[in-house]
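Trainee: Please take me closely through one part of this model, the surroundings of the ligand, and then show how selected residues elsewhere are placed.

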Amino acid sequence: MRRGLVIVHTGDGKGKTTAAIGLAARAWGAGLRVLILQFIKGGRRSGELEAFDALKNFRPTIEVRQLGLGFITAENFSEQQKSARAALELARAEISSGAWDLIVLDEINYAVKFNLLDAAEILSLIEIRPPQVHLVFTGRDALPELIDAADLVTEMKLVKHPLKQGVAAQAGIEF
Ligand code: ATP
Ligand code: MG
């Protein structure tokens, strides 16, 4: 019987989502059913969406859904809050459904940081999961309670980032 892990990718360096996408690809390749739910993100077809849509044609056990509206602004805050709430409900349903072996909750830590969701709500996702389901939480400033509850926590450490040299986000690297 597989033991589901609670995995956290946090820290101020780049690679939290990238590592989750890599893990998702590995898990799909190993025969696991993989769902990636992207909180906050929306409105842009990223490389991972294209890649996983292509993989789906081989075996339909991988799915990515963007559930947000893009950048959080003062103007869209309440809409972002609504969409985060809907995303949480969807996550709850999918986690408890038993339909997936690994679920990535991308950027969910930011949803808490920016007060779109409560800490208790995301911690409850751990409680409701079937014991064999792996959960991955990404985003900076992971809650200490989430880190306590996790089995595997990796903190990406910023050493250098091209943005500091004025290099803007590039397709295939940042999205
Ligand atoms: P990636 O999606 O590239 O793995 P990430 O998930 O670790 O990055 P996030 O905190 O989700 O990082 O940030 C999203 C965006 O911010 C990405 O485009 C990422 O490249 C960029 N970013 C990440 N770390 C830094 C940094 N230290 N300085 C500037 N931009 C960053
Ligand atoms: Mg990210």
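Mentor: Let us begin with a term: helices (H or I, at least four residues) and strands (E, at least two) are DSSP runs, numbered from the N terminus. This is a predicted model, in which local features need pLDDT of at least 70 and side-chain atom pairs count only at pLDDT 80 or more, while totals for chains, interfaces and linings use all residues. Residues are numbered from 1 along each chain as its sequence is written, chains are lettered from A and ligands numbered from 1 in the order in which they are written, and side-chain values use heavy atoms, with hydrogens and water left out.

We turn to the ligand. Around ligand 1 stand 14 residues, a residue being near when one of its heavy atoms lies within 4 Å. The closest of these residues are Lys14, Lys16, Thr18, Tyr110 and Glu174. Helix α1, which covers residues 16-29, gives the most to this shell, namely three residues.

Several polar contacts (pairs of N or O atoms within 3.5 Å; within protein, one must be able to donate a hydrogen and the other to accept it, and residues adjacent in sequence count only if both atoms are side-chain atoms) deserve attention. Lys14 places a polar side-chain atom 2.3 Å from an oxygen atom of ligand 1. The side chain of Glu107 has an N or O atom 3.0 Å from an oxygen atom of ligand 1.

The backbone nitrogen of Glu107 is reached by the side chain of Thr138 at 2.8 Å. Thr138 belongs to strand β5, residues 134-138, and counts as buried because its relative accessibility is 0%, where buried means under 20% relative accessible area, exposed over 50%, and partly exposed in between (1.4 Å probe, protein chains only). Strand β5 also holds His134, a buried residue with a relative accessible area of 12%. The C-alpha atoms of His134 and Gly4 are separated by 4.3 Å, although these residues are 130 residues apart along the chain.

Lys160 is found in the segment after β6 (152-155) and, at a relative accessible area of 72%, is exposed. Its C-alpha atom is 8.1 Å from that of Gly13, a residue 147 residues away along the chain.

A further side-chain pair involves helix α3. Glu94 lies in this helix, which spans residues 77-97, and is buried because its relative accessibility is 15%. A polar contact of 2.7 Å links the side chain of Glu94 to that of Trp100.

Finally, consider the backbone. Most residues other than glycine have a negative phi. Ile40, however, has a positive phi of about 65° without being a glycine. Ile40 sits in the loop between β2 (34-38) and α2 (47-56) and is buried, with a relative accessible area of 15%. Asn115 likewise is not a glycine and has a positive phi, of about 60°. The loop between α4 (108-113) and α5 (119-128) holds Asn115, which counts as exposed because its relative accessibility is 56%.
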